[in-house]
Amino acid sequence: MTKAADLRQKDEAALKEEVKSLQKAHFGLRMQKATQQLGNTGTLKSTRRDIARAKTILAEKQAAK
């Protein structure tokens, strides 16, 4: 789980990369769930929220320009 304070310290390029990697991880988790290989389904929720958190901070930084 990424903290909002940690994400606020990153620049826009790093945030975009973070969102991209989180989306890739979320896709992998969804595939594991579909093939009955995912043991802890709670990771899907936390990954989805991390993506939203990173996108929100990215939007805030872009709006501040």
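This is a predicted model: local features need pLDDT of at least 70, side-chain atom pairs count only at pLDDT 80 or more; totals for chains, interfaces and linings use all residues.
## Gln23 and its contacts

Leaving aside residues up to four places away in sequence, Gln23 touches Ile51 and Lys55. Gln23 itself sits in helix H2, which covers residues 12-34.

Is Gln23 buried, exposed or something in between? With a relative accessibility of 38%, Gln23 counts as partly exposed.

How many salt bridges does the structure hold? There are four, and three of them are described in this report, starting with the one between Glu60 and Arg8. Here the closest N and O atoms are 2.6 Å apart. Because Glu60 belongs to helix H3 (residues 42-64) and Arg8 to helix H1 (residues 4-8), this pair ties together parts that are 52 residues apart in sequence.

## Lys10 and Glu18

Next comes the salt bridge that joins Lys10 to Glu18, whose closest N and O atoms lie 3.0 Å apart. Lys10, at 29% relative accessibility, counts as partly exposed.

## Lys65 and Glu12: beyond H3 to helix H2

Lys65 and Glu12 make another salt bridge, with 3.3 Å between the closest N and O atoms. Lys65 is found in the segment after H3, while Glu12 is part of helix H2, so the pair ties together parts that are 53 residues apart in sequence.

Lys65 is exposed, at 77% relative accessibility, which is a value over the 50% cut-off. Glu12, on the other hand, is buried, with a relative accessible area of 18%.

## Picturing helix H2

If you have the structure open, helix H2 is a handy place to begin. Gln23 lies in this helix and touches Ile51 and Lys55. Glu12 also lies in H2, and its salt-bridge partner is Lys65. From there you can turn to helix H3, where Glu60 lies, and follow the salt bridge from Glu60 to Arg8.

Conventions. Residues are numbered from 1 along each chain as its sequence is written. Side-chain values use heavy atoms; hydrogens and water are left out. Helices (H or I, at least four residues) and strands (E, at least two) are DSSP runs, numbered from the N terminus. Buried means under 20% relative accessible area, exposed over 50%, partly exposed in between (1.4 Å probe, protein chains only). Contact means heavy atoms within 4.5 Å. A salt bridge is a side-chain nitrogen of Lys or Arg within 4 Å of a carboxyl oxygen of Asp or Glu.
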